[in-house]
Amino acid sequence: MSWTREKELFLNLSAAESWIKLDEPGEARPIGMALVDFVIMERERTIMVEVKDPSDQGAPERERHSFVRRLSGDEYLAGRLIPKARDSYCYLHLMGLDDKPILFVLLLGLERTPVEAAQLLATKERILSKLRWESDRPWSHPYVKDCAVVTVDGWRCYLPKYPIKRCTPEK
C-alpha cells in the first residue's frame, strides 16, 4: 500500500488510476494559481480534493473554533476554497486532464471541533452554488459536476476505496 499525507491525515490513493499531489513541495507549479491538495483520476471521473484539518494536534483550540466560524461564512469560501477549485480546474484543463466529470471534495478533519452534519450539508450546497456562479451570471461551462464536504469518517463512507487514517506525531 502506498500512503500519501496531508499533515496528520494519511490517504491511500493506490486504487486510483492515477493521482497528483498539486501542492507537492519542490514541484514547479504555475505562479499565482491556488491549487487543491490532490487530484484523483478514476476511469469515470476526476476528484479534486482539498484538505483542511483544524483537528491537527498542533492547531490551537482558538484556531479550531475560528475555522468553524470561517467555514460558516461566505468570505472564506469565496476567497479561499472556490479559487482553489477554479484554478485547479484551469490547471487540469491546460494540462489536458479535464476529460471526465469533476467532483470537488472538501475533506475536513473535525474530530476535535463542534460541527453538525447539517452545517456540512449547508456548506456543500454553498460551495456548489459558488462553483457554478461566481459573478453576476453563472459560468456557461459548469466545470464541477458535484461537490462533497466530508469529515474523516464521512470520507470512509463516501470514498471507501481510498483508506484514510490519522497519525499524530509522537511526543
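The structure is a predicted model, in which local features need pLDDT of at least 70 and side-chain atom pairs count only at pLDDT 80 or more, while totals for chains, interfaces and linings use all residues. Residues are numbered from 1 along each chain as its sequence is written, and side-chain values use heavy atoms, leaving out hydrogens and water. Helices (H or I, at least four residues) and strands (E, at least two) are DSSP runs, numbered from the N terminus.

**Helix α3**

- Helix α3 covers residues 117–132, and its 16 residues should span 22 Å at 1.5 Å a residue; the end C-alpha atoms are 23 Å apart, which agrees. The expected span here is 1.5 Å times one less than the number of residues in the helix.
- The buried residues of α3 are Gln119, Leu120, Thr123, Lys124, Ile127, Leu128 and Leu131. Buried means under 20% relative accessible area, exposed means over 50%, and partly exposed lies in between (1.4 Å probe, protein chains only).
- Among the elements covering those buried residues are α1 (61–72), α2 (74–94), β6 (102–108) and β7 (146–151).

**How the helices pack**

- Two packed helices are described by the angle between their axes and the distance between the axes. Axes are lines fitted to C-alpha atoms, for helices over the stretch in contact, and angles run from 0 to 180 degrees between N-to-C directions.
- Helices α1 and α2 pack at about 85°, and their axes are 5 Å apart. That makes α1 roughly perpendicular to α2. Angles of 65 to 115 degrees count as roughly perpendicular, under 35 as roughly parallel, over 145 as roughly antiparallel, and the rest as oblique.
- On the α1 side, Phe67, Arg70, Leu71 and Ser72 meet Asp74, Tyr76 and Leu77 of α2. Contact means heavy atoms within 4.5 Å.
- For α1 and α3, the packing angle is about 50° and the axes are 10 Å apart. These two helices are therefore oblique to each other.
- Here Val68, Leu71 and Ser72 of α1 meet Gln119, Thr123 and Arg126 of α3.

**Nonpolar cores**

- In soluble globular proteins, nonpolar side chains tend to be buried together. A nonpolar core is a set of buried Ala, Val, Leu, Ile, Met, Phe, Trp, Tyr and Cys residues joined through side-chain atoms within 4.5 Å.
- The largest core has 30 residues, and those with the most contacts inside it are Met48, Phe104, Leu106, Leu108, Ile127 and Leu131.
- Two or more residues of this core come from each of β4 (38–41), α1, α2, β6, α3 and β7. Helix α2 gives the largest share, eight residues.
- A second, separate core has 19 residues, including Leu9, Val49, Val105 and Ala148.
- Leaving aside neighbours within four places in sequence, Leu106 is in contact with Glu50, Lys52, Leu71, Leu81, Ile127, Ala148, Val149 and Val150.

**Cysteines**

- A disulfide is counted when a pair of cysteine sulfur atoms lies within 2.5 Å, and the count comes to zero.
- Cys90 is in no disulfide, and the nearest cysteine sulfur, that of Cys147, is 17 Å away. Cys90 is partly exposed, with a relative accessible area of 31%.
- Cys147 is in no disulfide either; for this residue the nearest cysteine sulfur is that of Cys157, 17 Å away. At 2% relative accessibility, Cys147 counts as buried.

- Lys21 sits in strand β3 (residues 18–21) and counts as buried at 14% relative accessibility. Not counting residues up to four places away in sequence, Lys21 touches Thr4, Arg5, Glu6, Arg29, Asp37 and Phe38.
- Lys7 lies in the loop between β1 (3–6) and β2 (9–12), and is exposed, with a relative accessible area of 57%. Most residues other than glycine have a negative phi. Lys7, although not a glycine, has a positive phi of about 55°.
- Ala59 is in the loop between β5 (46–52) and α1, and is buried, with a relative accessible area of 16%.
- Pro138 is found in the loop between α3 and β7, and is partly exposed, at 39% relative accessible area. The C-alpha atoms of Pro138 and Leu13 are 33 Å apart in space, and these residues are 125 residues apart in sequence.
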